[in-house]
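Please open the model in your viewer and keep the selection panel at hand.

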Amino acid sequence: MNMTALTFTLKKNPTFKVDCSQLTPDKLAGMSLDKILEITLINNLKVIDLFKVSGNNFDNILFKKSTSQLDFIGHKMARGNITIDGDCGDFLGAKMYNGSVICHGNAGDRVGDKMRRGLILIDGSAGDYCGSQMIAGTIGVFEKVGKYAGFGMKRGTILLTKLPKLHATIQDCGTHTLPFLTLLFASFKPLSTLFNNIQSQRMQRFGGDLACGGNGEILLLLT
Amino acid sequence: MNINGIQIDDTFAEAFNMRGTRVIITALNLTWAYHAANAMTGFATSVIGCGVEAGIERELSADETPDGRPGVSILMFAMGSKVLMQQLETRMGQCVLTCPTVAAFAGIEPKEGLEVEPINLGKNLRYFGDGFQTSKLISKKRYWRIPVMDGEFLCEETTGMVRAIGGGNFLLLATSQAKALKAAEAAIKAMKQLPNVIMPFPGGVVRSGSKVGSKYKTMFASTNDAFCPTLKGLVATELSDDIESVMEIVIDGLTFNDVSNAMCAGILAICGLGEKSGVKRISAGNYGGKLGPHHFKLHELLTKK
């Protein structure tokens with residue numbers, strides 16, 4: 001059987017925020033398409049009211065025509081891959097346990113909030129509090145990030161290409177060449193992301209959040 | 001059996017069950033990968049006195065290593081898993097962690113049909129980081145990043161341990177020491193082309209073959225007098241008048257086939273040198289077949305080839 005990603009195509013941009021936390025590979029596993037269409041996302045609105053749904057590979061989920069109204073994509077996901085063609089709202093990959101989320105547009109605030117493991121790569125920009133309260137894992141933002149990146153992060157890595165204004169408990173650790181980045185970048189190769197254009201392992205390391213142990217890091221990639 | 005004027009004895013090498021592991025060492029350049037690998041495989045010729053038998057399996061080009069840097073692969077064997085794990089950890093800590101620019105990765109991965117047990121590589125070394133160590137889970141493998149003075153020591157958390165075979169061997173009997181050494185060097189050169197084996201003795205060759213037991217109560221092994229040329233006439237010698245030097249090549253490998261392939265490659269390389277090499281006979285060391293479960297019968301191996 002030909003396997004195509006389980007695709008949620010947004011019918012039209014909603015005027016309200018939509019909670020997409022139920023649309024992850026682990027939560028949808030074993031469901032029929034009919035059952036998925038009947039999932040209530042917000043108030044009385046079901047998946048069928050907002051999305052056209054197609055595809056059969058439930059480990060690979062694709063959001064098409066996505067907008068910043070779609071919050072909590074990848075929330076608590078523990079496996080599989082979610083790709084977002086377009087923008088997404090707040091709390092992208094919040095409380096993630098594993099798997100990967102690739103956003104080809106911009107993301108809202110609190111990307112990867114309290115995430116424990118896994119990978120979030122954003123080709124566009126991210127809002128404020130990116131990686132807030134992160135426990136571990138990896139977040140990459142190819143364009144800009146808002147204020148307070150890494151706020152309350154315990155461990156984990158945030159890859160950035162542009163330096164945001166950082167808060168006082170994120171400290172500059174200097175410029176380095178880190179060997180593990182070769183392995184990390186090699187693991188991005190099967191994924192379609194702008195991070196595959198980065199060749200250099202040269203980066204400026206910021207450690208923090210010192211208010212929460214300080215074992216996390218923001219790596220500013222120097223190209 | 002006679003190949004190219006060299007007699008092959010109708011005997012067998014007796015080998016033992018061991019536990020083996022492989023570690024991949026990379027560095028900024030091959031020189032420093034070798035510094036770490038040589039230190040890690042140093043004093044590892046025989047389990048009798050060293051705990052493990054270890055050696056460099058081969059060089060790895062940058063496109064063969066996980067981090068895209070040049071490196072070498074190391075094989076390490078011990079009689080039991082506990083000793084192997086203990087020695088691996090000690091050697092990693094003293095020889096690899098300490099060596100500038102070096103990183104270490106698993107050389108044996110879990111594979112279908114192969115019994116692979118994960119053993120610690122960087123799992124406990126991480127505590128050297130004194131709380132500043134961080135881990136990254138990349139493509140389902142856990143790596144540790146330990147801050148050190150030259151930057152960061154990158155080490156995979158575990159490598160794989162498998163059942164292996166140690167003590168495959170053959171003896172070459174020649175008319176002079178120089179000729180024996182030259183033939184041994186040719187054998188080692190050919191054997192080093194093969195994967196999954198090491199020849200753990202210095203240069204791959206051992207001159208002090210042993211027999212079980214000794215006249216001294218404290219010794220459980222002593223010189224193999226039957227093959228010592230200077231004792232001809234004094235003991236029940238295995239040597240004819242024209243033999244003045246005997247050297248042995250010991251092989252540890254991951255499987256029976258790996259060891260037998262290496263033995264064949266070595267013996268055939270010597271036979272390729274012909275009669276003029278000064279090598280008169282090829283034999284093998286055994287304990288009457290009572291100690292080791294694996295018997296490498298020379299005639300059988302070479303006939304198959």
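What percentage of the contacts in chain B with a separation of 6 or more is accounted for by residues 24 or more positions apart? In this predicted model, such residues account for 73% of those contacts.

Begin by selecting the whole of chain B, which has 6 helices and 17 strands. Its radius of gyration is 21 Å, close to the 19 Å that the globule rule gives for 305 residues, so chain B is as compact as a globular protein of that length. If you orient the view along the principal axes, the C-alpha trace of chain B spans about 65 × 45 × 35 Å.

Next, select helix 1 (residues 30-40) and helix 3 (residues 81-96) of chain B, which pack at an angle of about 140° with their axes 9 Å apart. Because angles over 145 degrees would be needed for roughly antiparallel, this angle makes helix 1 of chain B oblique to helix 3 of chain B. The crossing of these two helices is right-handed. Show side chains here: B:Ala36, B:Ala39 and B:Met40 in helix 1 of chain B meet B:Arg91, B:Cys95 and B:Val96 in helix 3 of chain B. By class, the residues of this contact divide into 5 nonpolar, no polar and 1 charged.

Move on to helix 4 (residues 177-191) and helix 5 (residues 256-273) of chain B, whose axes come within 8 Å and cross at roughly 135°, which makes helix 4 of chain B oblique to helix 5 of chain B. This crossing, too, is right-handed. On the helix 4 side of chain B, select B:Ala183, B:Ala186, B:Ala187, B:Ala190 and B:Met191; on the helix 5 side, the contact is made by B:Ala262, B:Ala265, B:Gly266, B:Ala269, B:Ile270 and B:Leu273. Sorted by class, the contact of helix 4 with helix 5 of chain B has 10 nonpolar, 1 polar and no charged residues.

Finally, bring chain A into view alongside chain B. Here 11 residues of chain A are in contact with 14 residues of chain B. Select helix 4 (residues 180-188) of chain A, which contributes 5 residues, the largest share of the side of chain A that touches chain B. Taken as a whole, that side of chain A has 5 nonpolar, 4 polar and 2 charged residues.

Methods:
Residues numbered from 1 in each chain as written. Chains lettered and ligands numbered in written order. Predicted model: local features only at pLDDT ≥ 70, side-chain atom pairs only at ≥ 80, totals over all residues. Contact = placed C-beta atoms within 7 Å. Helix = DSSP H or I, 4+ residues; strand = E, 2+ residues; numbered from the N terminus. Nonpolar A, V, L, I, M, F, W, Y, C, P; charged D, E, K, R; others polar. Axes fitted to C-alpha atoms, helices over the stretch in contact; angles between N-to-C directions. Parallel < 35°, antiparallel > 145°, perpendicular 65-115°, else oblique. Left-handed = near helix turned anticlockwise from the far one by under 90°. Rg over C-alpha atoms; globule rule 2.2 N^0.38 Å.
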